[in-house]
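Please read them with the structure open beside you.

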Amino acid sequence: MRRILFKSKIHRATVTQADLDYEGSVTIDRDLLQAADILPFEKVAVWNVTRGTRLETYALEGESGSGVICINGAAAHLNQPGDLVILATFAEVEEAELANWKPTVVFVDGKNRAVPGITEEIPGPARRIA
């Protein structure tokens, strides 16, 4: 059996742009893509913390060091600059991989730069409040 597990995420990034006229996708700073092990054209869930909306699209590579998180196409109706979002990916995992499975979590600052040293999330009420 294969299970679908959480693979990686960029946690609480700030939307920098919303481009209604583009065909679709989310443009993400190359540095964040690499840190979160997300490939260009990989399926990405976009969970808007500010508005409570959720959608699926695919990742496009943005300029390295730009901090860009640009929501493109129709999804721009649900995400606006300044909104906080979680960008998550999932993977099909074989039973043999389950025991050692560990997702990649990238926490970012207000400029969408990876925060070094924080790589795990703490569930529920015990989580860090930043």
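1. Two strands count as paired if DSSP finds at least two bridges between them. Strand β4 (residues 43-48) and strand β7 (residues 84-94) have four bridges and run antiparallel to each other. Within this pairing, asparagine 48 stands opposite valine 85 in β7. Please keep in mind that this is a predicted model.

2. That pair belongs to an open sheet of eight strands, in the order β2-β6-β3-β5-β4-β7-β1-β8, and the pairing in the sheet is mixed. The edges are β2 (17-19) and β8 (104-107); each has a single partner strand, so one side of each has no neighbour in the sheet. From one strand to the next the twist averages 30°.

3. Which residues have the most contacts inside the largest nonpolar core? They are Ile10, Ile28, Ile69 and Leu87, in a core of 20 residues. The elements that each give two or more residues to this core are β1, β3, α1 (30-35), β4, β5, β6 (69-72) and β7.

4. Isoleucine 69 deserves a separate look. Not counting residues up to four places away in sequence, isoleucine 69 touches a list of residues that includes Ala13, Thr14, Val26, Ile28, Leu32, Val85 and Leu87. Asn112 is also among the residues that isoleucine 69 touches.

5. Threonine 14 is in strand β1 (residues 2-14). Its relative accessible area is 18%, and the cut-off for buried is under 20%, so threonine 14 counts as buried. Beyond its neighbours within four places in sequence, threonine 14 is in contact with Ile69, Gly82, Asp83, Leu84, Gly110 and Asn112.

6. Is threonine 50 buried, partly exposed or exposed? With a relative accessible area of 48%, threonine 50 is partly exposed. Threonine 50 lies in the loop between β4 and β5 (54-62). Threonine 50 and threonine 14 are 36 residues apart in sequence, and their C-alpha atoms are 9.9 Å apart in space. With neighbours within four places in sequence left aside, threonine 50 is in contact with Asp83 and Leu84. A polar atom of the threonine 50 side chain lies 2.8 Å from the backbone nitrogen of leucine 84.

7. Serine 25 carries an annotation. The unreviewed UniProt entry gives "modified residue: Pyruvic acid (Ser)" for Ser25. In the model, serine 25 is found in strand β3 (residues 25-29) and counts as buried, at 2% relative accessibility. Apart from neighbours within four places in sequence, serine 25 is in contact with Thr57, Tyr58, Leu60, Cys70, Ile71 and Asn72.

8. The unreviewed UniProt entry also has a "binding site" annotation, which covers Thr57, Gly73, Ala74 and Ala75. These residues are spread over 19 residues of sequence but cluster in space, with a largest C-alpha distance of 10.4 Å. One of them, Thr57, is in contact with serine 25.

9. Where are glycine 73 and alanine 75 found? Glycine 73 is in the loop between β6 and β7, and alanine 75 lies in the loop between β6 and β7 as well. Glycine 73 is buried at 1% relative accessibility, and alanine 75 is buried at 12%. Leaving out neighbours within four places in sequence, glycine 73 is in contact with Asp19, Leu20, Tyr22, Glu23 and Gly24.

Conventions: Residues numbered from 1 in each chain as written. Predicted model: local features only at pLDDT ≥ 70, side-chain atom pairs only at ≥ 80, totals over all residues. Heavy atoms only, no water. Axes fitted to C-alpha atoms, helices over the stretch in contact; angles between N-to-C directions. UniProt positions renumbered as here; feature names shortened; annotations may be inferred. Buried < 20%, exposed > 50% of the residue type's maximum accessible area, 1.4 Å probe, protein only. Contact = heavy atoms within 4.5 Å. Polar contact = N/O pair within 3.5 Å; in protein donor to acceptor, adjacent residues only side chain to side chain. Core = buried A, V, L, I, M, F, W, Y, C linked by side-chain atoms within 4.5 Å.
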